[in-house]
Amino acid sequence: MRKRVFILLAITAGVLPFFGFIKPTEEAPVDVPIVMYHSVTNINCNDYALSPEKLRADLDYLSAHGYRTVFIRDVVAYVEGKGDLPEKPIVLSFDDGFYNNYSSVLPILNEYDAVAVFCLVGKYAAKEQGVTKRSKSYSYMNLDEVRAMNESGRAEFGNHTFDMHSYKNGRKGVRKNKNESEEEYRKAISDDARRNEDLFSQAGIKFGLYAYPYGFYSKETPGILSSLGYKAILTCTGGINRIRRGDKSALLHLKRYNRPSKYTSEYFFKNVFKLDDAPAKKACA
């Protein structure tokens, strides 16, 4: 009887390790870096255009340092407790839906057994329907090309607005205007998002993530997008994401670093991104 009482007291005091029991510990978070690319072309390389050779060099560097590409939906599944991530995950994201993402990036993804996220602007894709003369630098993917990307298994797609990818049409990206009511703002964001969803549904695409044009948004925006069913939002804020199971709020403010052409892969990932180049391991709490 006395032994039972002592064990009960031990449980209450949290000293069970003395009896062979281990107190549960919280699972360590995982660092998830996200790279933001745009156009991949040999012409006019700049802060938003990178050559195919440099993209290959990036993938060589990441592979050599133990990183594995994942989709945003993999990160969401991890947070929701429905899946796992590799020890050193990384997300490659491509904004705007350039035609060269199909003609140049997809073959490179196949070559490296990699995957990526492509954030699409509906207005750009709609203008490409029926156009036969295409530029690898200035054209955008049409619905047939988006469908082919989707069917490849290498691509996940994000909503990058239908017609809000601008800061000259009376609004900065998806930021709330000064004299706009909350109801008016919610309707503007919702209508545009649904319009983009309807367009790309013709290519078999269902968006689960959203990317802010130019990084402009307001305090109300994440809540509005979440209410529309978006589980993840890509920002333009620099940094590496620390992801924990169950922390869904972190998914609505995912950080990215833009990849300019002027840096070598090693300089960008070591000095700008400050990626871990040690052997693969999960981040410490």
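1. In the contact between α2 and α4, Pro52, Leu55, Arg56, Leu59 and Asp60 of α2 meet Val105, Ile108, Glu111 and Tyr112 of α4; contact denotes heavy atoms within 4.5 Å. By class, this contact has six nonpolar, no polar and three charged residues. Ala, Val, Leu, Ile, Met, Phe, Trp, Tyr, Cys and Pro count as nonpolar, Asp, Glu, Lys and Arg as charged, and the others, Gly among them, as polar.

2. The model is a predicted one, in which local features need pLDDT of at least 70 and side-chain atom pairs count only at pLDDT 80 or more, while totals for chains, interfaces and linings use all residues. Residues are numbered from 1 along each chain as its sequence is written, and side-chain values use heavy atoms, with hydrogens and water left out.

3. The axes of helix α2 (residues 52-64) and helix α4 (residues 99-112) come within 11 Å and cross at roughly 25 degrees. The two helices are therefore roughly parallel to each other (angles under 35 degrees count as roughly parallel, over 145 as roughly antiparallel, 65 to 115 as roughly perpendicular and the rest as oblique). Helices (H or I, at least four residues) and strands (E, at least two) are DSSP runs, numbered from the N terminus. Axes are lines fitted to C-alpha atoms, for helices over the stretch in contact, and angles run from 0 to 180 degrees between N-to-C directions.

4. Helix α2 also packs against helix α9 (residues 265-272): their axes come within 8 Å and cross at roughly 55 degrees. That angle makes α2 oblique to α9. From α2, Lys54, Ala57, Asp58, Tyr61 and Leu62 meet Ser265, Glu266, Phe269 and Lys270 of α9. Four nonpolar, one polar and four charged residues make up this contact.

5. Helix α4 has a further partner in helix α6 (residues 143-152), with the axes 9 Å apart and an angle of about 35 degrees. Tyr99, Asn101, Tyr102 and Leu106 of α4 form the contact with Glu145, Ala148, Met149 and Ser152 of α6. Its classes are five nonpolar, two polar and one charged.

6. Which residues lie nearest the centre of the largest pocket? They are Met36, His38, Tyr48, Tyr214 and Asn258, from a lining of 15 residues. Strands β6 (89-96) and β12 (257-258) are the elements that give two or more residues to this lining. Seven of the lining residues are nonpolar, five polar and three charged. On a 1 Å grid over the protein atoms alone, a pocket is an open set of points with protein on both sides within 12 Å along at least five of seven lines, a cavity is a set where a 1.4 Å probe fits but cannot get out, and lining residues have an atom within 4 Å of a point.

7. The largest cavity holds about 40 Å³ of space. Its lining includes Asp96, Gly97, Tyr140 and Phe200, and by class has eight nonpolar, one polar and one charged residues. The volume is the space filled by probe spheres set on the grid points, which are joined across faces, edges and corners.
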